[in-house]
Amino acid sequence: MSENITNLKKDAVSKAEMKKKITEILKNYNNDRSQLISILQDIQSEYRYLPREALKQVSKVLEIPLTQVYGVATFFRSFSIEPRGKHTVHVCTGTACHVRGSLRILEEMERELGIPRGKTTADSKFTLETVNCVGACALGPIAVVDGEYNGQMTPDKVKSVLEKYR
Ligand code: FES
């Protein structure tokens, strides 16, 4: 019971903090609705995703319908409306990597992290995604972790690559 109350209090505090942060971000853009994408980018870099509460506040302050804010938030791949992990793993499944066995890398990543592609681990450490070519086909198959390229991947290397981020 008391744990529930503590959690509720924590929730209220973090909501208040978020509200303050979003107000700050909006002010940086003078509450200018034409800056919606930049505002969402700043929110995304603050929280690693676009929390619903934040989008509601943006919608209200900028007087843009929430459906329209969600439309933009879901249109661009760089935005996420689901919480994301601290580290992002991208397994390239473009043609060149595919013919060199990228699916086996992906399956091993899924097994090692215990999540399917597109999801985030329960401890919020990793988000696993696929990408269609990262421009280094000669090094394939490739797994990119937080922007760091790991070329000529094999299923055996998956564990040691992830280990650096655990
Ligand atoms: S297909 Fe993977 S880097 Fe180009």
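Mentor: Two strands count as paired if DSSP finds at least two bridges between them. Please keep in mind that this is a predicted model.

Trainee: Which residue stands opposite Thr127 in strand 2?

Mentor: That residue is Thr88. Strand 1 and strand 2 pair over 6 bridges, in the parallel sense.

Trainee: And how many bridges join strand 1 to strand 3?

Mentor: There are 3 bridges, and these two strands run antiparallel. Strand 3 covers residues 143-145, and its Ala143 stands opposite Val91.

Trainee: What else does Ala143 touch?

Mentor: Leaving aside residues up to four places away in sequence, Ala143 touches Val89, His90, Val91, Ile105, Met109, Asn150, Met153 and Val161.

Trainee: Which residues touch the most other members of the largest nonpolar core?

Mentor: They are Val89, Val91, Ile105, Met109, Leu128, Ile142 and Ala143, in a core of 15 residues. Two or more residues each come from strand 1 (87-92), helix 6 (102-113), strand 2 (126-131) and helix 7 (158-163). Helix 6 gives the most, with 4 residues.

Trainee: Where does the other core lie, and how many residues does it have?

Mentor: It lies apart from the largest one and has 11 residues, including Ile22, Leu40, Ile43 and Ala54. In soluble globular proteins, nonpolar side chains tend to be buried together.

Trainee: Changing topic, what are the domains?

Mentor: The domain assignment gives domain 1 as 2-75 and domain 2 as 87-163. Taken over C-alpha atoms, their centres are separated by 30 Å.

Terms used. Residues numbered from 1 in each chain as written. Predicted model: local features only at pLDDT ≥ 70, side-chain atom pairs only at ≥ 80, totals over all residues. Domains from an automatic or database assignment. Core = buried A, V, L, I, M, F, W, Y, C linked by C-beta atoms within 7 Å. Buried ≥ 20, exposed ≤ 12 C-beta atoms within 10 Å, placed from the backbone. Contact = placed C-beta atoms within 7 Å.
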